[in-house]
Amino acid sequence: MKITVIGTGYVGLVTTCGLASLGHQVWAVNRTPAKVRKLEKGQILFYEPGLGSLLKKNLKNRKIHFTTNFKEAINKGNFVFICVGTPPLADGRADLSAVKKVAKDITRYAKKPLMIINKSTVPVGTGRLVEKILAKNSHKFNIVSCPEFLSEGKAVKDFFHRDRIVVGADNKLVAQKVMNIFKKIKTVKMITDLETAELIKYSSNAFLATKISFINEIANFCELVGADVDEVAKGMGLDKRIAPYSLKAGIGYGGSCFPKDVKALKQMAAGNGYEFKLLKAVIKVNNLQRRLVIKKTKEILNNVKGKTITVLGLAFKNDTDDIRESAAIDIINWLNKLGAKVKVFDPKASKNAKKVLNSKIIFCSSPKEAAVKSQLLIIATEWSMFKQLKWPVIKKLMKKPNILDGKNLLDRKTLEKYGFNYVAMGK
Ligand code: UDX
């Protein structure tokens with residue numbers, strides 16, 4: 001099939017490479033010529049394991065065509081995927097300006113009826129809004145919602161091995177045609193109406209965020225009663241109705257999805273006259289969880305001012321260079337404000353973090369360099385490389401052997417054996 005994808009961010013580029021790997025011809029649109037030139041050479045604009053090689057393979061097979069030419073691209077086939085960003089506005093609502101611009105341009109340039117498939121995370125009712133914009137073109141368009149559920153860091157795997165594919169449309173025949181694009185992927189396939197598909201995406205993310213805030217509250221309670229949150233989560237997750245995923249306690253959720261989507265769903269509900277009480281609490285717990293790192297730091301060091309503190313991890317999670325809504329960034333800013341000398345290391349996200357962090361923050365090229373003369377080392381991202389560090393060597397480099405494991409990544413017994421004072425979250 002001939003397919004057009006608008007947008008080459010996480011969702012757009014993974015969709016482009018994934019669809020090409022399924023055998024489709026894909027025209028991917030980015031309006032910036034310099035970015036298109038990079039993509040044509042197989043260079044991706046962010047770090048995502050496995051995506052670069054998949055892109056190169058499909059460029060070689062001539063399955064992917066990058067272009068800045070919106071008009072030509074949308075008229076290639078019958079399917080147009082919208083994969084543009086919907087960042088949060090100041091009040092928490094999703095910013096739909098990019099989606100609206102795409103809809104307006106399709107209205108202007110489409111020379112035939114098309115199936116417009118939205119993959120961006122958009123509030124319920126956006127499909128109808130796009131439909132309204134497109135009504136100005138004389139052709140008949142079918143609006144479809146096909147939400148994306150990929151996680152950063154394992155997006156390629158998520159494309160081919162998904163728990164479900166959801167397609168929502170008024171016309172079931174159209175929904176089936178869109179579903180056929182994914183014929184080669186074996187998974188549960190669900191066809192719904194437009195609004196339901198849009199809400200499945202928000203509800204899924206909000207529910208996963210709720211699980212994380214729930215386990216973080218359990219972690220805080222564990223500390224009061226001497227229980228171990230990781231063991232509690234393990235025991236809970238054995239119940240198939242609960243499942244073990246999104247039950248890892250720590251410094252709360254970050255990233256480009258959960259914080260934005262939870263707020264957007266709360267706002268969406270409010271806009272429809274419904275107060276989403278649970279989500280209010282989910283957000284509050286998540287904000288407090290980041291703050292808890294500062295409280296624990298003060299307990300360990302007494303006075304933060306003038307102390308050297310190492311933060312390992314800047315990305316909002318492992319296997320990505322994405323720092324959007326990263327708890328690590330907030331924590332570093334707070335420590336800096338309190339007068340600490342903060343030394344940081346991340347295997348992938350330093351370049352992005354340099355753009356937002358204060359010039360006083362010291363970026364290091366290895367965990368060892370970051371540990372020199374440090375009085376406290378904080379783990380802020382769950383990179384697996386931090387588990388493999390030579391901790392006795394790190395201890396020798398540090399001024400005081402204090403570890404605050406914000407991600408419950410390390411093993412207390414081992415670290416205590418090496419002589420560290422090990423503090424975790426809910427253990
Ligand atoms: C999420 C959803 O998982 C995905 O389905 C959706 O399409 C987009 O949003 P993503 O933001 O890439 O994906 O990462 P995810 O692995 O879900 O983690 C989000 C945040 O929650 C990270 O900051 C992570 O560290 C944190 N987290 C995750 C926890 O604190 N505990 C957990 O158990 C899981």
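About 810 Å² is buried between domain 1 and domain 2, with carbon and sulfur atoms giving 58% of that area; buried area here is the accessible area (1.4 Å probe) that two parts lose on being put together, summed over both. By class, the face of domain 1 that touches domain 2 has seven nonpolar, three polar and four charged residues, where Ala, Val, Leu, Ile, Met, Phe, Trp, Tyr, Cys and Pro count as nonpolar, Asp, Glu, Lys and Arg as charged, and the others, Gly among them, as polar.

A word on the model itself. It is predicted, so local features need pLDDT of at least 70 and side-chain atom pairs count only at pLDDT 80 or more, while totals for chains, interfaces and linings use all residues. Residues are numbered from 1 along each chain as its sequence is written, and side-chain values use heavy atoms, leaving out hydrogens and water.

Back to the layout: the protein chain is split into domain 1 (2–192), domain 2 (202–282) and domain 3 (288–423), with bounds from an automatic or database domain assignment. Across the interface of domain 1 and domain 2, the rule turns up zero salt bridges (a side-chain nitrogen of Lys or Arg within 4 Å of a carboxyl oxygen of Asp or Glu).

Now for the ligand. It has 20 residues around it, the closest being Phe149, Leu150, Glu152, Lys248 and Glu382; a residue counts if one of its heavy atoms lies within 4 Å. A polar backbone atom of Leu150 sits 2.8 Å from a ligand oxygen, and a polar side-chain atom of Lys407 is 2.9 Å from a ligand oxygen.

Note on methods: A polar contact is a pair of N or O atoms within 3.5 Å; within protein, one must be able to donate a hydrogen and the other to accept it, and residues adjacent in sequence count only if both atoms are side-chain atoms.
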